[in-house]
Amino acid sequence: RQARRREDALEDRHQRAPADLMRAPTPMPVPIKSAEDIAAMRVAGRLASELLDYLAPHVQPGVTTGAIDRLAHDYMVDVQRTVPATLNYAPPGHTPYPASLCTSVNHVVCHGIPGERRLRAGDIVNVDVTVIKDGYHGDSSRMFCVGPPSIQAKRLCDVTYEAMWKGIRAVRPGAHLGDIGHVIQKHAEGHGYSIVREFCGHGIGRSFHEEPQVLHYGRPGTGLKLQPGMIFTIEPMVNAGRPGIRCLADGWTIVTADHSLSAQWEHTVLVTPDGYEVLTQSAGTPPPPPACGSSGSPGRYRTRRTAPSPRSSPPAR
Ligand code: MF3
Ligand code: CO
Ligand code: CO
């Protein structure tokens, strides 16, 4: 979602405040989900991830992004019995979004509208889906390489994935939102990339976009303190070049101002009593990267009540 101006962003004078277009009239509290909410969000999250699993084999050279949108729509409506949250989604100041998912190719940062554009070998594309099941939203996106990727494109996708996971691994009660933003920013900028400031992760539940805003940059120890039962997305947008963006005339498509490549990954995450649980999981979810550096959360990946991620292993040196 589009980041609005907030105190956290203003605390750091070196960081430009995000755009103000979606400022709520009054500050809303951060919802703490009930056990029933959490159970329903696990279902919605799994369905979003299963939709990406279903679409993955179709992301091939020669396929149009519009064809992927139609496949997604029909799978949601006919197979999952979910509602495509993005279809006709119209936040204040926006025309209704015309598709059932977003396909953001190469220098498109986010909110790319599917159409007649054919994917070509060498493209990278973010596919971002949000399903509604029994009134609850599940929101996730993945990067796909169409045919063999260039080394630079693959590296951007990998570093962005690692950045998202560093953010996820910072999630635990007592941690601050600034801790999440900080590790994401540090990882991306440490590789010479930049973080898009104008869009952020978001609380999610019965609403598509709710409190809190989850900025993908920040300072440790700042911002909201996390509590068990909070659910939000982490969805960093990372540009290979400069951080600046532009919005196309369609009112939705966001591109890098310098036309550099951009990547994004997204999971919906629950704050648990001892760490985190990734809600947008299914059989085809890519495994988390090996844990490197400081991020001591005992978070759970594949199973809810057992050990840490099966793929976590000592850092390769
Ligand atoms: N799924 C996006 C997100 O992660 C929002 C897309 S809204 C749309 O928040 F209207 F552009 F589809
Ligand atoms: Co989202
Ligand atoms: Co999304």
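Reader: In β4, which residue is the bridge partner of Val 83?

Author: Ile 132 is the bridge partner of Val 83 in β4. Before going on, note that this is a predicted model, where local features need pLDDT of at least 70, side-chain atom pairs count only at pLDDT 80 or more, and totals for chains, interfaces and linings use all residues. Residues are numbered from 1 along each chain as its sequence is written, chains are lettered from A and ligands numbered from 1 in the order in which they are written, and side-chain values use heavy atoms, with hydrogens and water left out.

Reader: How many bridges join β1 to β4?

Author: Strands (E, at least two residues) and helices (H or I, at least four) are DSSP runs, numbered from the N terminus, and two strands pair if DSSP finds at least two bridges between them. Two bridges join β1 to β4, and these strands run antiparallel. β2 also pairs with β4 in the antiparallel sense, over four bridges; there Thr 103 has Val 127 as its partner in β4.

Reader: Over how many bridges do β4 and β5 pair?

Author: β4 and β5 pair over ten bridges, again in the antiparallel sense.

Reader: Which residues point each way from β4, and are they buried or exposed?

Author: In a regular strand the side chains alternate between the two faces of the sheet. Buried means under 20% relative accessible area, exposed over 50%, and partly exposed in between (1.4 Å probe, protein chains only). Ile 124, Asn 126, Asp 128, Thr 130 and Ile 132 point one way from β4, while Val 125, Val 127, Val 129, Val 131 and Lys 133 point the other way; all are buried. In β5 (residues 136–145), nine of the ten residues are buried.

Reader: Why does the end-to-end distance of α3 agree with its number of residues?

Author: The expected span of a helix is 1.5 Å times one less than its number of residues. Helix α3 (residues 65–80) has 16 residues, so it should span 22 Å; its end C-alpha atoms are 21 Å apart, which agrees. Just after α3, Arg 81 takes a positive phi of about 55 degrees.

Reader: Which residues of α3 are buried?

Author: They are Thr 65, Gly 66, Ile 68, Asp 69, Ala 72, Tyr 75, Met 76 and Gln 80.
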